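Let's take a walk through a protein chain together. Keep the picture open as you read, and look for each part as it comes up.

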Amino acid sequence: MTENSISIGGDSAPDAGVHALRGRTGAGTPAETRGKTTIADNVVVKIAGMAAREVPGIYNLGAGMARAFGAMRERVPGAGGGVTRGVKVEVGERQAAVDLDVVVEYGVSIVAVAGEVRTNVISAVERMTGLEVVEVNIAVDDVHLPDEEEEYEPDEGRVR
């Protein structure tokens, strides 16, 4: 996992793998512009994943095998959630690009849902990180039918 930062102030060169923005320093400089803020790529992935899942019409994120492995991983205690499944980001010094693999509900307008996902993801990432989101690419991998059960979902009536 690489880390990227938005840094304002400081006189030292940025560390390797850390990107920095420079600002003025000194007593006359506002407090919010002094110091360095580092944002890991994984933070942007989680923000984008949560923002995409908030949109009505999105059933799940991730391509077929990723969803299957993710469903199994979610049942293992301490294995982490599936928030990052189906989300990839490229984070630069001041910009980010997001790639999403989604499954939509049957009957929704895919074009409208994709537009809402883009709007929500861009808004959340830019508001929370200060990075400019230059693109949100969406791959619709499947359509969830109302009578379809999720692959590898446990049957609640079975004894384990």
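Start with helix 1, which covers residues 41-53 and so has 13 residues by the DSSP runs used here. From its first C-alpha to its last, helix 1 reaches 19 Å, close to the 18 Å expected at 1.5 Å a residue. Bear in mind as you look that this is a predicted model.

Which residues of helix 1 are buried? They are D41, V44, V45, I47, A48, G49, A51 and A52. Here, buried means that a residue has under 20% relative accessible area.

Now step back. The chain has three helices and six strands, and from the N terminus on they follow the order β-β-α-β-α-β-β-α-β. How much of the chain is buried? Of its 160 residues, 34% count as buried.

Contacts tell you how the chain folds back on itself. Taking the contacts between residues at least 6 apart in sequence, 69% join residues at least 24 apart.

Finally, look for charged partners. The structure holds one salt bridge: E93 pairs with R94, and their closest N and O atoms are 3.9 Å apart.

Terms used:
Residues numbered from 1 in each chain as written. Predicted model: local features only at pLDDT ≥ 70, side-chain atom pairs only at ≥ 80, totals over all residues. Heavy atoms only, no water. Salt bridge = Lys/Arg side-chain N within 4 Å of Asp/Glu carboxyl O. Helix = DSSP H or I, 4+ residues; strand = E, 2+ residues; numbered from the N terminus. Buried < 20%, exposed > 50% of the residue type's maximum accessible area, 1.4 Å probe, protein only. Contact = heavy atoms within 4.5 Å. Expected span 1.5 Å × (residues − 1).
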